[in-house]
Structures are given as structure tokens and as C-alpha cells.
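Please keep the structure open while reading.

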2 protein chains.
Amino acid sequence: MNACTNDARLAWMALILSPGMGAIRSWRTMQRLGDAASLLTLPLTELEGLGLPAAAAQFVADGRALAAAEDEARKAEEAGVSFLTPEDAAYPERLRQIYDPPAVLWLRGDPAILNLPGIAVVGTRHPSAYGQGMAELLARDLAARGLVIQSGMARGIDTAAHKGALAAGGKTVAVWGTGVDVIYPKENKKLAEEILLKGGAIVSEFPLGTFPAPQNFPVRNRIISGMSVGVLVVEAGEYSGTRVTARCALEQGRDIYAVPGNVTNKNAWGPNTLIRQGARLTATWEDIWEDLPSDVRAQLTAGDESSPGGTASLFPENTAGMGEQERQVLSALAMDSAVQLDELIEKLEGSMGAAEIFAALFELELAGQVRQLPGKNYVRVMV
Amino acid sequence: MNACTNDARLAWMALILSPGMGAIRSWRTMQRLGDAASLLTLPLTELEGLGLPAAAAQFVADGRALAAAEDEARKAEEAGVSFLTPEDAAYPERLRQIYDPPAVLWLRGDPAILNLPGIAVVGTRHPSAYGQGMAELLARDLAARGLVIQSGMARGIDTAAHKGALAAGGKTVAVWGTGVDVIYPKENKKLAEEILLKGGAIVSEFPLGTFPAPQNFPVRNRIISGMSVGVLVVEAGEYSGTRVTARCALEQGRDIYAVPGNVTNKNAWGPNTLIRQGARLTATWEDIWEDLPSDVRAQLTAGDESSPGGTASLFPENTAGMGEQERQVLSALAMDSAVQLDELIEKLEGSMGAAEIFAALFELELAGQVRQLPGKNYVRVMV
């Protein structure tokens, strides 16, 4: 990176850190200006002539903007954080094409994966066992075929999506509504570390130290969809941020995929409504794969002549090495709804005692085939 | 009914009871002949000239066909069964328009309801609790609005649909694959009685005494869809007779509705696949109601000025639940001229960011309060 580019990068940073400057206004200013680096040398009148609000023009003209940018850059370096501006080749190309791309993208992890084709997986923070299972399963199957999984690392569907991608040894990008140094929700600290460890990335358009603020999360959603080739909606209620993401995806011309669900499940409202409006009904990874633009598919299969094999079936009969009792318990459980322990004992009465059922459940949980939910409810894991 | 019509009716009956004569061949014969009643007076050579198979021509020419028809008519009268032929005004008009309408329709109950608009509700014989519940609920809600519910009275979804219609005090038609005097499955004897008691009907194209035969059930399905305005598929596995019904519906130009379900439920395969192929995703009765041809809707609401109200719309128009941001955006828009997005962002600058404005516009569009015009121009809807 030469000094000139570096000045331009600092100029973008200085501009976005100025009061009242958002992404759209920053882009317009830089477009009018032509040469980003020159911003920092302009006198006040010319800055005002560019259309900057008075406070921002003042902030840039008297050098406070540059000082703030240099300070932010130094803090970033210390924290192992990098930042991308539109001057950088690594700035995500798809994001560049949306109506309101971020002016600066703070980043932890590998910038290269931001330009790989990905699917955004989004949904409610309070999914059912079905929704959670589907998010994890589809993310895993898509990641196994080389697609990057993009999401917001919120509780629920987002978390399941990132985990699914990691389970497949795939790459995943978390787009945060806080600074990339502010973990939220806290319980995802380990997940964030694992994302980075496995070659993924965490990005945000908010400066370091930005704490969670409700208005930042919907804004962040346009980045998730904007970076993606398509957006997969798993479960979402009638009033949810996922609707914002879906709307962004529509505006950005991204394909929308949705997992249908029982209409009696209030979180199926979102995907079912999207399907009614034209989103592609998605039951397996193939529904998305078959729909990918041919250049994207070519990119994914290049150098991988062995084809995306090893299909993870929706209903794996991965029962090899399993005892008879585990098999019985497993077949008495469902993937899309939890079975309460008492019910399970009732169901298996005659063939197994409660203690044997306990033991089998324990083995199955260890093997990752069964998950226990609060209240001694058990659900079969899809992956 | 005058003697002449009666002769024509008997001629249709005689023809369909002749060996090797099916619905399509019977219709073609009668079309060539022009005057149905004259069939019974034709000499053998002319019958053969009409294209009848030799055995059938012989059967008609030597009077056995007429004897069989008179015998069937007498038995029907004794059993309280009537029959409809294409000579009868009560013959269902919609059925007349399909490729292969029945030549004779045996009937118990009220023939008048066969010409009322109805929705066919079909699905698997082994539904989940969800499928069964949805079939019953939707049949009930549709029947309550005056739609006749048509189904096959098989176990599972069919039974639930008939029961739902009855629960609403509505009318329902059961199309059987056996003679209308042969109850199948046996456990539905009471249901059949109740259907008739409540002013419904049981119909079949098979003569009295026809016992269940596997090949008759798929054939029967074309009558269910053929009589309907649209076909609602609730749950159906990958290999099920419901696919036959759906295909018939498609060929007959009937609208197809399908209730989505969790993809982990194998019986959701049918409706989910139909939705993917263009069937209308159906969560409530309104999804069907809103889609009905306007003449059908007019027929249903005639004499019912109170309109079918009462259920929550998917996109309620109450501004009470509207957020502050939606309110702000709405007040920045006009009813008589469009506002361009950039202008809107400028207008709301300081109080809202672009992404928040997007989100609010999205909500307002869904609520039917804002319409988007080409070029990102927005106008307030006069509601």
C-alpha cells in the first residue's frame, strides 16, 4: 500500500468519524471530490461547497478529523483490527454495488473471504428446535460446498448458522452492530474466537468501542445481505429485524431463499410470507445451489473436480456403531419438535425402562445426535 | 322431467353399463349421435358405425343394456339414490367442462349443492396432528363463508375436511371410489350419515354395489378437483394419490392451494413442492378467499351484507401499532406527489439514517400505507 492510498484511506476514515456524516453522505462527498486524499487539505469554504454539514466541515478543516482518524487507525493496529475503505481492492465488491455501502469497514480476520461468494443466513433470535436445526444444517451443507456463510452473530438463527459453517470446516463472516472489539451477546465470545481461528472474519461499519445500540442492528442488516449472493431466511416472526434484511436483499437484487414451516409456528410467518411473495422455497442446500448464478457455481467448483459430494442427507441414517437401545430412543424422537421425557418413557414402555432410556439419551447427547432442551425435553439433532 | 328426457337419461345409463364403455367413450358416442335417447333404437350396424366396441354394440342392440339401466334405476330408487346424466340441468356445470366428465353420477343427498362454488380439500391418509388440524380448521373457515367443501372421505385429511365443514354448519360433498351404497372406510358410516343429514351429498361415477378397488380411487380424484373452484392440498407424501389430484387440478385449470409445513415432516413434501411449483401458499382461509374469481365471491356474498369479517389480516392497517420512525417517514410523504428517496433522506436528516428510513418504508409498504413507484419514488396511499 503506497502512501498515497494510505492518505486516501485516512481521508475516508476522517470523513466517517466527522459529526453528522453517514455512509451515504460520505460516499457522495467523495464522489464529488474525485480524489479522496485531497479532502484533508481543503479549506473550510470548499468543504462547505462540497455539501458537508457545517459541523463536519469545521471538524475536517481544523484537523480534528484527521487526528481522530489517526487515533482510530493506531487503536485498530494495537487491537489487531484492520479497516477497509472503498480505496482498497479488498473492499467487498458486492457491497460496493449496493445503494448505501459502508464508508469504512472495520475488520478482524481474513479480508480475502469477503470477496468469496456467500449466502447470508438470518432469522429470529428465538427459534424453535426446528428453525435452529435447519439453520445449522443448511449452513453446514452450504459451507461444505465452499460457500461463505454470512450472518449477524445474534442469538438464535444467526448463531446456529455460524456454528453450522464451522462444523463443516467452512468459512463464516459475522457482521456486527457494535465495534469489532465489543462482543455482543457476551455468550458468543467463544464463537467469535472460533470464527477467527478457522479463517473467518468479523466486520462492522461502526468504530472501535461502539456499544450495542438498538438502531445499529437493522442498519447492519444491509451489510449482511449486501455482501451475499443470496439471503436465506430460516425463522422470523411478524415483527422482526429479519424483515429489514429481506427488504434490503430485495432492494439490492439479492436472491431470497426461505425455509417453510408450519403456519401454526409464529416464526414461520416470515419465511412463509416471503415464499408467498416469490422467495424460493428451500428444503435442502440443493435448492440454493441449483439457483446460484453459473459464474458463482463455476467459481465454487473450480479446482474441485470431485464435485460437492458426501451429501448430508436431511435424515441421516448414521446409526452405525449405535446400540439397539440408542436406536430405539432415537427413533422415538423427532427432529422438528421436542419430546418430553415422561412422554418418551411412556412411548418406550414395555421395551425399555427409565434408567435404560436415561443411559441411551446420555450416549446420544455425547454423540451429538440428541439435544436436551429445558424441562427435560429432547430433540433429535439434524446434523 | 318428461318422458323424453327420461329416455335420454336411461340411454346414458345403458351406455355406461355396457361392457368396455368408460366415461370418455360414452361422451364421444353421445356427441356423435346428437340425440341420446335414439341410442336405444339403433340397429347393430349403426351402433358399430358410431364406434362402439363389438361387445357393447351387441349389448345395446339386443336390449340387455336398457334392461340393465332400468334395473339400476329401480335399485337406485329403492335405495334413495338418484343419478345425474349430462341431460340433467343439475349435472355439475364445472364437471361438464373437464376433459373426461363422468357419464353418470350416482348421488345421495341434495343435487343443488353440486353447482355451488366449492373448494376441494385433499391430502394424505396418515396426517400429522398439524395436518389434520389445518384441514379441519381451513375447511371449517371456508365452509362458514358459504363454500362447499369437496373431498374423498378417505381416512386422514379427507375425513378432517368433511368434519370441519360440518362443524361450521356448512355443506360438504363426498366423492366416493365405490358405489354410493358401499361405505368405505367402514368407520366413516356415521360421517356419511351426518353429511347427508346436514344437507350435503355423496356422489360416485361407479354403479351401485361397486366395492373398493385400488384403481378406482385415483380415477375418482379427477371428479373431486373437477367439481371445485380450487384444490387445497394439506399434507401429502412424495408417493400419494394427492399428486394425482393435484395433477388433475392443474390439467383442469383449477387453482391449487397448499399449506406449507416443516421440511422435516415427510408429509410436507407434497404441499411444499406444489408451492415451489406455483401453488398459492395458504395459511388461513383468506389466502383462498382473496384469490377467488370475483363472480364466485359475488355469488357467495350475495344476500350477506355483513361480509365475512372477523379475522386478523396479515398486514393490519392499524397505525396504533406504528413505530415513531414509521410515523415520521409517513409524515414526510405526500398523497398527491411522489417523494424521491434522496429527497426523503435529506428531509429526515438529523433524525433518521438511510437504513432506518428504508426499514420504515418497508413496514409502511407492507401495511399498505405507502406505495413505491419506479426510481425509488414513494407516495402515501389514500386509505
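A polar contact is a pair of N or O atoms within 3.5 Å; within protein, one atom must be able to donate a hydrogen and the other to accept it, and residues adjacent in sequence count only if both atoms are side-chain atoms. Across the interface of chain B and chain A, eleven residue pairs are in polar contact, both residues at pLDDT 80 or more. The model is predicted, so local features need pLDDT of at least 70 and side-chain atom pairs count only at pLDDT 80 or more, while totals for chains, interfaces and linings use all residues. Residues are numbered from 1 along each chain as its sequence is written, chains are lettered from A and ligands numbered from 1 in the order in which they are written, and side-chain values use heavy atoms, with hydrogens and water left out.

The same interface holds six salt bridges, each defined as a side-chain nitrogen of Lys or Arg within 4 Å of a carboxyl oxygen of Asp or Glu. One of them joins B:D342 to A:R28, with the closest N and O atoms 3.0 Å apart. On the chain B side, α7 (129–144), α12 (269–276), α16 (341–347) and α17 (354–366) each supply at least two residues; helices here are DSSP runs of H or I with at least four residues, strands are runs of E with at least two, and both are numbered from the N terminus. The largest share, nine residues, comes from α17(B).

In total, 34 residues of chain B are in contact with 35 residues of chain A, contact meaning heavy atoms within 4.5 Å. The buried area is about 3,200 Å², 59% of it from carbon and sulfur atoms; this is the accessible area (1.4 Å probe) lost when the two parts are put together, summed over both.

Chain A has 17 helices and twelve strands. Of its 383 residues, 54% count as buried, that is, under 20% relative accessible area with a 1.4 Å probe, protein chains only.

The largest nonpolar core has 143 residues, and those with the most contacts inside it are A:L39, A:V173, B:L39 and B:V173. Such a core is a set of buried Ala, Val, Leu, Ile, Met, Phe, Trp, Tyr and Cys residues joined through side-chain atoms within 4.5 Å. Beyond four places in sequence, B:V173 touches residues including B:I113, B:H162 and B:M227.

Finally, B:T124 lies in the loop between β3 (118–122) and α7 of chain B. Its relative accessible area is 9%, so B:T124 is buried. The side chain of B:T124 reaches the backbone nitrogen of B:H126 at 2.9 Å.

Definitions and conventions: Buried means under 20% relative accessible area, exposed over 50%, partly exposed in between (1.4 Å probe, protein chains only).
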